[in-house]
Structures are given as structure tokens and as C-alpha cells.
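Please open the structure in your viewer and keep the selection tool at hand. The stops below proceed from the whole chain to individual side chains.

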Amino acid sequence: MCLSVFGILFVAGRLVFSNAINRFGGINVAIVCLAVETLGLTIITLSSHPYFALVGGGITGLGFSLIFPALGVMAIKTVPSSNQGSALAGYGLFIDISLGITGPLIGSVADQFGLPYIFPLSVGIALLGLVLAYYLKVNQSK
């Protein structure tokens, strides 16, 4: 059920906020989305009832919905137009590699410490992404 709520709000976020990247900029949207995703994961981590976990899953899906396209727009804008196709391909490869690493990493944490520890780790990873996105924003203007 939690994955369904995640998926529904993921798709809804893409539909409702599809123009946000053009209006506010890729890095700004990525920062907000990472903050929302972190909030959702924190709710899941601290939830004492399955309904709270559903709410956290939905908020996580909403936050996750625009991170990939927002950072992709930013990556494309950093290279000349003649190299944008290569930049987009490299960016797509990066997400594939990161998802390929994350699954086994989370699985090994679950094996070693138990399932309750995967969400706090996920909060930490999302916070790291938020810090890195903020760092990019601060250094983008220099």
C-alpha cells in the first residue's frame, strides 16, 4: 500500500508541478524536492502507526517526483548546446548507477542491522543530497 501511495503522489507531483522547473529553476526545485523527500522519509522513520507510514510514503513520492528532471535541466545548462545530448546521456547513466548502488547498500544494511534501519539511512542519504544541492546553488552564482 505504501508503494502505491508513493507512486500516486510521484505521478501527481510530475503532473501538477510540471512547470515548476521552468518557473523557479532546476536547482531551486531540486532543493525543495529533496527537503520534501527528507521530510517524508523522516515521517516513515518515526511513524508509530501504518497510516503515518502511508503519509510519509506519499510525501516521499511527491518530493522524489521532480528531483531527476530538475537536476537534469541544471546539468544540461552547464554544457554547450553541442554537448547537451552527451550530458543528458551521462546524467541518465548516473541515475542508473546510483539506483544500482542504492539497492544493494540498503539491502546490506537491512541484513546487518534489520529493516528498521533502512529508513534512517535513507534520511541521511537524502540529507546529503540536500546539502550537495545547496552547495551547487551557492557555487552556481560564483
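What radius of gyration would a compact globule with 142 residues have, and what does the chain have? A compact globule with 142 residues would have a radius near 14 Å, and the chain has 16 Å, which agrees. The radius is taken over C-alpha atoms, and the globule rule is 2.2 Å times the number of residues to the power 0.38.

This is a predicted model, in which local features need pLDDT of at least 70 and side-chain atom pairs count only at pLDDT 80 or more, while totals for chains, interfaces and linings use all residues. Residues are numbered from 1 along each chain as its sequence is written, and side-chain values use heavy atoms, with hydrogens and water left out.

**The whole chain**

Display the C-alpha trace, which spans about 50 × 35 × 25 Å along its principal axes. Switch to a cartoon: the chain has seven helices and zero strands. Helices (H or I, at least four residues) and strands (E, at least two) are DSSP runs, numbered from the N terminus. Next, colour by accessibility; of the 142 residues, 30% count as buried. Buried means under 20% relative accessible area, exposed over 50%, and partly exposed in between (1.4 Å probe, protein chains only).

**Aromatic pairs**

A search of the whole structure finds five aromatic pairs. Rings of Phe, Tyr and Trp (its six-membered ring) pair if their centres lie within 6.5 Å; planes under 30 degrees apart count as stacked, over 60 as edge-to-face and the rest as tilted.

Select Phe10 and Phe64, a tilted pair with 6.0 Å centre to centre and 35° between the planes. This pair links distant parts of the chain: Phe10 lies in helix H1 (residues 2-16) and Phe64 in helix H4 (residues 50-64), 54 residues apart. Phe64 is partly exposed, at a relative accessible area of 30%. Now select Phe113 and Tyr117, which form a tilted pair with 6.1 Å centre to centre and 55° between the planes. Phe113 counts as exposed at 58% relative accessibility, whereas Tyr117 is partly exposed at 48%.

**Cysteines**

A disulfide is a pair of cysteine sulfur atoms within 2.5 Å, and by this rule the count comes to zero. Select Cys2, which is in no disulfide; the nearest cysteine sulfur, that of Cys33, is 18 Å away. Cys2 is partly exposed, with a relative accessible area of 29%. Finish at Cys33, which counts as buried at 8% relative accessibility.
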